[in-house]
Amino acid sequence: MLGGLKPRNQKVERKFQLYPYQTEAINAYEEACKEFKKILIVLPTGAGKTQLAGEIIARNHERGGRTIMCVHTKKLARQFLDSVQENYGIWSTLESGAHKSDDSPLVCCTVQTLVNRLKSDHINSFDFNLLIIDEGHRSLSPTHQAIAKEFEHARIAGFTATPRRSDQRDLMEFFETKAIDIPLDRLIREGFLCKLIIKNIPIHIRIESKSKSGDFSEEEAAHAIEPYLESIADAMVEESKGKCGLVFLPLISTSKLFTVLLKERGIKAAHVDGTMDDEEIEDRILDLKMGRIDVLNSSMLLSEGVDIRPVD
């Protein structure tokens, strides 16, 4: 072993057993691999896409292949890397800023980092036979398409819980086949996911969009709900009692204002947003997990790859 590098031929050590529907998804993916190179896998939120992707990476490694995992944020890259190393014992490395990957079976990086590394020839796409795209519904973006072009020789697997895009473009413009699409209601019926309980708080809110499509911009949504934030905070006093919760708001300013309103009502609340550094965000999440706060407010941040077990 030279230069401190770990052996690429290390044996996979599986630390857990896949659920039946995950095994079904793996088998469907392997069957699709016999005919197609660009494969989409659709699983609902909470179904364990990380574990499923880990199994695909493990099998690729056992066959002598290398995988590069492309995700949306550095936090997700680190989270995925840690999961694969912990659950499969596969040596994994991170490409991010000063972090340079070695000759590892798995390399994790963000979309932007991968684009930059490919341009600078720091990463050679031909060193990999498998590219995994997390949040596969983003795969039609120009950035993702530029990456995919560099990996035309390789197999590309996309994972998503939301295969329908807001711009109505069909993901099958890019992917050649959808290996499996397991619906949310099936996993609820089979007891793998909890039932969804949607409760309306009796506050009459009138909002109207000025756009022709009927969709709201973040600014429109924020300004539309601002007059009702105090009433919503009042309702939260009763609804959040003894519970651990997340609140999603349209703008950073709205989230900060709602945090103040909750605190004024005796609710232990905090705010996070994308302008904070990773360590500060993680500290706030840890506060929520440890019960030091009851509610964590955010705007467009805690929406992908979030795993905060105590949340009610």
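This is a predicted model: local features need pLDDT of at least 70, side-chain atom pairs count only at pLDDT 80 or more; totals for chains, interfaces and linings use all residues.
User: Which parts of the chain does the salt bridge between Arg66 and Asp103 tie together, and how many residues apart are they in sequence?
Analyst: Good one to look at in the viewer. The closest N and O atoms of Arg66 and Asp103 are 3.6 Å apart. Arg66 lies in the loop between helix H2 (49-62) and strand S2 (67-71), and Asp103 in the loop between S3 and strand S4 (106-110), so the parts that the pair ties together are 37 residues apart in sequence.

User: Is Arg66 buried or exposed?
Analyst: The cut-off for buried is under 20% relative accessible area. The salt-bridge partner of Arg66, Asp103, is partly exposed at 36%. Arg66 has 6% relative accessibility and therefore counts as buried.

User: What is the strand order of the open sheet of seven strands?
Analyst: Let's begin at the edges: strand S3 (92-95) and strand S7 (177-181) each pair on one side only. Inside the sheet, strand S5 (residues 130-133) runs parallel to strand S6 (residues 155-160), joined by four bridges; Ile133 has Gly158 in S6 as its bridge partner. The pairing in the sheet is parallel, and the order is S3-S4-S2-S5-S6-S1-S7.

User: How far apart in space are Glu135 and His72, C-alpha to C-alpha?
Analyst: Glu135 is found in the loop between S5 and helix H5 (142-150). Glu135 is buried, with a relative accessible area of 13%. Although Glu135 and His72 are 63 residues apart in sequence, their C-alpha distance is 7.6 Å.

User: Which residues make the nonpolar surface patch of about 340 Å²?
Analyst: One member, Leu196, sits in the loop between helix H6 (184-189) and helix H7 (218-225). With a relative accessible area of 60%, Leu196 is exposed, which is above the 30% that patch residues must exceed. The patch is made by Leu184, Leu196 and Ile198.

User: Which residues are linked in a network of salt bridges?
Analyst: A search of the whole structure finds 19 salt bridges. One of them joins the side chains of Lys34 and Glu31 at 3.0 Å, N to O. The network links Arg14, Glu30, Glu55, Arg59, Glu62 and Arg63.

Notes: Residues are numbered from 1 along each chain as its sequence is written. Side-chain values use heavy atoms; hydrogens and water are left out. Patches are made of residues with over 30% relative accessible area and no salt bridge: like charges are joined within 9 Å, nonpolar side chains (Val, Leu, Ile, Met, Phe, Trp, Tyr) within 5 Å. Accessible areas come from the Shrake-Rupley method with a 1.4 Å probe; for residues, only the protein chains shown count as cover. A salt bridge is a side-chain nitrogen of Lys or Arg within 4 Å of a carboxyl oxygen of Asp or Glu. Helices (H or I, at least four residues) and strands (E, at least two) are DSSP runs, numbered from the N terminus. Buried means under 20% relative accessible area, exposed over 50%, partly exposed in between (1.4 Å probe, protein chains only). Two strands pair if DSSP finds at least two bridges between them.
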